[in-house]
Amino acid sequence: MKKKLIAGNWKMNGSLASNEVLLHAVLDGMAQRPPACDVAVAAPAPYLAQVQALTAGSPLAVAAQDVSAHEAGAYTGEVSAAMLKEFSVRYVLVGHSERRQYHHETDALVAIKAQRALAAGITPIVCLGETMQEREAGLTEAVVKRQLAAVIHLNGHCISEIVVAYEPVWAIGTGLTATPEQAQEVHAVLRSQLAAATEHAGRIRLLYGGSMNAANAAALLAQPDIDGGLIGGASLKAPDFLQIIASAK
Ligand code: 3PY
């Protein structure tokens with residue numbers, strides 16, 4: 001059976017001092033109660049070296065929040081997949097809704113980023129999800145299927161190597177959460193779309209994200225097609241993050 005994955009997304013938060021306190025608390029908690037799931041934290045790029053050093057030899061994996069679509073060269077401000085790899089980055093988020101919304105990232109760009117990550121031996125966590133407007137217009141299924149279709153045929157790579165995170169945009173940073181049934185409904189759609197593309201669909205981890213917290217994690221993670229969580233605000237508080245990890249059995 002595949003292990004669930006709990007990935008924290010710190011977004012643009014933290015400092016050298018606060019990261020150290022947070023990571024020590026999370027690592028201590030994980031040592032006291034070894035998780036049944038895989039665990040990762042996606043830190044801002046300048047802190048990857050720190051996270052790599054503090055988590056070395058532990059079961060806490062290093063993740064990044066974005067990767068360049070380019071391999072190398074004159075792309076000021078960008079960070080390549082090869083650079084991430086040097087800091088032991090195991091996972092990278094691609095297509096988080098904040099990037100789609102504020103940086104106008106398209107499905108095609110997200111697919112190229114996923115491809116770059118895979119080529120460097122990093123697992124992309126492909127984020128997708130509908131806005132409130134799209135949900136209200138009955139477009140949820142069409143939107144998530146379009147977003148998933150963009151990454152389903154990545155040249156030369158098997159789709160089963162990616163992780164997918166369903167994050168309804170209306171539930172991100174708003175405190176609103178999809179009910180376990182609403183989330184499961186979309187996850188089932190994604191799973192069947194994956195099943196049409198690969199016999200390994202059952203192996204692909206489908207995470208739920210969007211205000212998952214210590215109080216709602218267990219119910220969400222109990223759904224048959226929810227294989228983990230992408231955790232925003234709650235990943236910045238060690239007790240909450242640890243409780244979510246403990247809910248992922
Ligand atoms: C949230 O829960 O707000 C997230 O965006 C997690 O990535």
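1. Gly 95, His 96, Ser 97, Arg 100, Cys 127, Leu 128, Gly 129, Gln 147, Glu 167 and Val 169 line the largest cavity. A cavity here is a set of points, on a 1 Å grid over the protein atoms alone, where a 1.4 Å probe fits but cannot get out; lining residues have an atom within 4 Å of a point. By class, the lining has 3 nonpolar, 5 polar and 2 charged residues, where Ala, Val, Leu, Ile, Met, Phe, Trp, Tyr, Cys and Pro count as nonpolar, Asp, Glu, Lys and Arg as charged, and the others, Gly among them, as polar.

2. This is a predicted model, in which local features need pLDDT of at least 70 and side-chain atom pairs pLDDT 80 or more, while totals for chains, interfaces and linings use all residues. Residues are numbered from 1 along each chain as its sequence is written, and side-chain values use heavy atoms, with hydrogens and water left out.

3. The search of the whole structure finds 1 cavity of 30 Å³ or more. The largest cavity holds about 30 Å³ of space, a volume being the space filled by probe spheres set on grid points joined across faces, edges and corners. Both α4 and β5 (123-128) supply at least two residues of its lining; helices (H or I, at least four residues) and strands (E, at least two) are DSSP runs, numbered from the N terminus.

4. The ligand is surrounded by Asn 9, Lys 11, His 96, Glu 167, Ile 172, Gly 173, Gly 210, Ser 211, Leu 230 and Gly 232, each with a heavy atom within 4 Å of the ligand. By class, this shell has 2 nonpolar, 6 polar and 2 charged residues.

5. A polar side-chain atom of Lys 11 lies 2.8 Å from a ligand oxygen atom. For His 96, the distance from a side-chain N or O atom to an oxygen atom of the ligand is 2.9 Å, and a polar side-chain atom of Glu 167 is also 2.9 Å from a ligand oxygen atom. The protein covers 97% of the 230 Å² of accessible area that the ligand has on its own (Shrake-Rupley method, 1.4 Å probe).

6. The ligand takes the space of the second largest pocket, meaning that more than half of its atoms lie within 2 Å of the grid points. A pocket is an open set with protein on both sides within 12 Å along at least five of seven lines. About 200 Å³ of space lies in the second largest pocket.

Note on methods: A polar contact is a pair of N or O atoms within 3.5 Å; within protein, one must be able to donate a hydrogen and the other to accept it, and residues adjacent in sequence count only if both atoms are side-chain atoms.
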